[in-house]
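These are my notebook entries from an afternoon with this model.

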Amino acid sequence: MSFETTGTINSFGGKLLKLAHESKVTNTQMKLNLYLPPQASSSKPVPVLFYLAGLTCTGDNGAEKGFFQHKASEKGIAVVYPDTSPRGLNIPGEDDSYDFGSAAGFYIDATKEPWTKGYNMYSYITKELPEALFSHFEELDGNRVSITGHSMGGHGALTLYLRNPGKYKSVSAFAPISNPSKCPWGEKAFGGYFGDDNKSKWAEHDATELISKFPNDTDILIDVGTGDNFYKQGQLLPENLEEAAKKAGKKVNVRYQDGYDHSYFFISTFSDDHVEHAAKYLLA
Ligand SMILES: N[C@@H](CCC(=O)N[C@@H](CSC=O)C(=O)NCC(=O)O)C(=O)O
């Protein structure tokens, strides 16, 4: 698969590439950003951190406002910023709400019509995109990959990690939707993409349900702001994940950050810590 490079921007001594490619999995063109740190120009391939963004986002939000490039440049880690859904499939209702359809792909493969037409962000992020990137960019080391994300993307990072033991070296999340089967955003998305009667499928994409089934030890870093309105409204439910992790004997370190909200001011404050967390495993 070939990538079109539509822009190249200098950032912290490296390059942010604006990319587009045709996806067989989503049946659309997909856009993304790829940050190559300065070390990518040496002969040794660099490890990779995927950042999954939240509702209403594209691959631009994290690249422009997350400040991941700061620490990634220092550590020699590439960062992939994918889009959050297919775009323009012409499914009725696709663009009607901010929390379902466009920019709300929830990192699942839909099983319910008409969303099966291309709402396959799980396969796109875990298979098609990395395979395409690692065969096209020899600067990237496909054997050293970590994942992080925000809100809906935090849910994506946690569930992709927990569903694929060994695929990612580490995981972390900012204000993740931690128990989607039990919050309004998740109920709407899983009901729409899987069906209200398909609760076993819901559980397959719920970090709180998955953690006890994960076969390996974990070291999961999560930040949540105590001033986050979505946290206060019960959309995130990190306590449910903490409780399930405790019962399962898994390490999940949830840091409740005093007064921080849900925005990129919160993410950019702690993004260095999340890149450091990934670096601990990617550079071990
Ligand atoms: N428009 C919505 C709120 C949308 C919102 O806050 N999106 C967050 C992610 S929320 C969970 O996935 C986001 O990252 N927005 C982009 C940004 O640049 O801040 C509403 O009004 O409630």
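**Entry 1: Phe106**

I began with Phe106, which is buried because 29 other C-beta atoms lie within 10 Å. My terms here: a residue is buried if 20 or more other C-beta atoms lie within 10 Å of its own, exposed if 12 or fewer, and partly exposed in between, with C-beta atoms placed from the backbone. I found Phe106 in the loop between E5 and H3. Helices (H or I, at least four residues) and strands (E, at least two) are DSSP runs, numbered from the N terminus. Phe106 is not a glycine, yet its phi is positive, about 60°. Most residues other than glycine have a negative phi, and most peptide bonds are trans.

The loop between E5 and H3 also holds Pro114. I looked up its peptide bond: Glu113 and Pro114 are joined in cis, with omega about 0°.

A note on what I am reading: the model is predicted, local features need pLDDT of at least 70, side-chain atom pairs count only at pLDDT 80 or more, and totals for chains, interfaces and linings use all residues. Residues are numbered from 1 along each chain as its sequence is written.

**Entry 2: the annotated site**

Next I checked the record. UniProt, in an unreviewed entry, lists Ser151, Asp228 and His262 under "active site". These three are spread over 112 residues of sequence but cluster in space, the largest C-alpha distance being 11.0 Å. UniProt positions are given in the numbering used here, feature names are shortened, and annotations may be inferred rather than shown by experiment.

I placed Ser151 in the loop between strand E6 (140-149) and helix H4 (152-163). Its phi is near 60°, a positive value in a residue other than glycine. Ser151 counts as buried because it has 25 C-beta neighbours inside 10 Å. Leaving aside neighbours within four places in sequence, I list its contacts (C-beta atoms, placed from the backbone, within 7 Å) as Gly54, Leu55, Ala175, Pro176, Ile177 and His262.

His262 sits in the loop between strand E9 (251-257) and helix H10 (264-282). With 22 C-beta neighbours inside 10 Å, His262 is buried too. Not counting residues up to four places away in sequence, His262 touches Ser151, Ala175, Gly225, Asp228, Asn229 and Phe230.

**Entry 3: the ligand**

Which residues surround the ligand? I noted Gly54, Leu55, Thr56, Cys57, Asn61, Tyr98, His150, Ser151, Met152, His262, Ser263 and Tyr264.

I then turned to helix H2 (residues 68-75), which is largely enclosed by the rest of the structure because six of its eight residues are buried. Those are Phe68, Gln69, Lys71, Ala72, Ser73 and Lys75. After H2 comes Gly76, with a positive phi near 80°.

Helix H3 (residues 121-136) bends by about 30° at Leu129, with a proline, Pro130, following within four residues. The bend is the angle between axes fitted to the seven residues ending there and the seven starting there. Among the buried residues of H3 I noted Met121, Tyr122, Leu129 and Leu133. Their cover includes strand E2 (14-22), strand E4 (46-52), strand E5 (78-82), E6 and H4.

**Entry 4: Pro38**

Pro38 is in the loop between strand E3 (29-36) and E4. It counts as partly exposed because it has 14 C-beta neighbours inside 10 Å. Beyond its neighbours within four places in sequence, Pro38 contacts Gly13, Gly14 and Ser73. I also took a C-alpha to C-alpha distance: Pro38 and Lys246 are 40 Å apart in space and 208 residues apart in sequence.

**Entry 5: the whole protein**

To finish, I counted 10 helices and nine strands in the protein. Its C-alpha trace spans about 50 × 40 × 35 Å along the principal axes. Buried residues make up 52% of the 284 residues.

Conventions: Contact = placed C-beta atoms within 7 Å. Near = placed C-beta within 6 Å.
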